[in-house]
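Dear colleague,

I would be glad if you read them with the coordinates open.

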Amino acid sequence: MGPPQDHSYKRRRIEADETPNSGRQPSSLSAASAKPARFKPTAARDWTISVAVPTSVITDCVTREQRTTWAGRIARACAVFSVDEIVIYDDSPVESRPASTDHEGYTGDVDPAHFLEHLLNYLETPPFMRKLLFPMHPNLRSQGLLPNLDMPHHPYKGEWMPYREGLTLEAQPKGGKGTVVDIGLEDTVTIDEELPPKTRVTLKMPVGEYGSPEPVHPAVPRTEGGYFWGYTVRKAATLSDVFTQSPYEEGYDLSIGTSERGQSLHRAFPEHKEANFTHLLVAFGGPRGLEYAAMNDPELSKIGIHGPRTKELFEHWVNVLPNQGSRGIRTDEAMLIALTGLRRLWDNS
């Protein structure tokens, strides 16, 4: 997408002063003087939590506002439970999907996967850089209905965090070398690396009063610092693509499918049984369940995986709330119930 036409973002001093910070850490970034952040690091971790959500969660929605609030509920659940990856998979019949879609227009009713991906990425992005990274778009017309996620990489201005997200600017750095980066504070910082404008970058901040922030891989705050650092979003054309297109080299070594026909969480995971995994996937179905997604997956149909055999895709097939008091549990409700019950597999605090 092209750059936005709204220039109100200049109030954040994008053009900064003609002589932006030269890499020295301004006093407002000092770990000693700044207010400690609300978030405390846990043990550094290389393991991840992923959830898979179908497009059918919004296909029955009638209005733009309903679809928008659905995206907000998904994002909020994943933020609260520190989910690292959200997979939006299409569970509709392949023949019913449009041959092409104009992604410059509203896609909530024609390409729900694109719509959910768009809004989930918008919500994950630190608020101060959204105007540059997300130009005005019909999908965002009801963005005022979206919740704040308040994740660790969305810190307040006065808070100190050892890592920060930044957005590279076009401003000329003092000395002519490096790149000026907006990190959501009054002062910009300069990094030694030269990067194109409007590039999002994860920075490791200097601890002392002076020093230059260091660009690091986006996973470093989690793998080295012990901080939950937001989620990634990817689309999958079918349920099987959730597995075959996993970003992890060895795929998901523990997968859980949710179904009212599954066994209870307590039976699947007795309290004395420890879960050993590197990449955990929890897959949720839509109004017609994971079986519906399997039925509409050509690759699974070839090998006879449909109906009751859908559970063969997963190591565990669980019912997140047996003896429920309502005829059906919505997917967003199932996410909160399941992640609450499963959380002890990775966090015993």
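In what follows, buried means under 20% relative accessible area, exposed over 50%, and partly exposed in between, with a 1.4 Å probe and protein chains only. This is a predicted model, in which local features need pLDDT of at least 70 and side-chain atom pairs count only at pLDDT 80 or more, while totals for chains, interfaces and linings use all residues. Residues are numbered from 1 along each chain as its sequence is written, and side-chain values use heavy atoms, leaving out hydrogens and water.

Across the whole structure, a search finds 16 salt bridges, each defined as a side-chain nitrogen of Lys or Arg within 4 Å of a carboxyl oxygen of Asp or Glu. One of them joins E170 to K198, with the closest N and O atoms 3.8 Å apart. This pair links distant parts of the chain, 28 residues apart, since E170 lies in the loop between β5 (163-168) and β6 (179-182) and K198 in the loop between β7 and β8; strands here are DSSP runs (E, at least two residues) and helices likewise (H or I, at least four), numbered from the N terminus. E170 counts as exposed at 61% relative accessibility, whereas K198, at 33%, counts as partly exposed.

Another salt bridge is formed by R97 and D90, at 3.4 Å between the closest N and O atoms; R97 is partly exposed at 22%, and D90 is buried at 13%. In helix α9 (residues 298-302), E299 and K302 are 3 residues apart and therefore separated by about one helical turn, and their side chains meet in a salt bridge of 3.3 Å, N to O.

With kind regards
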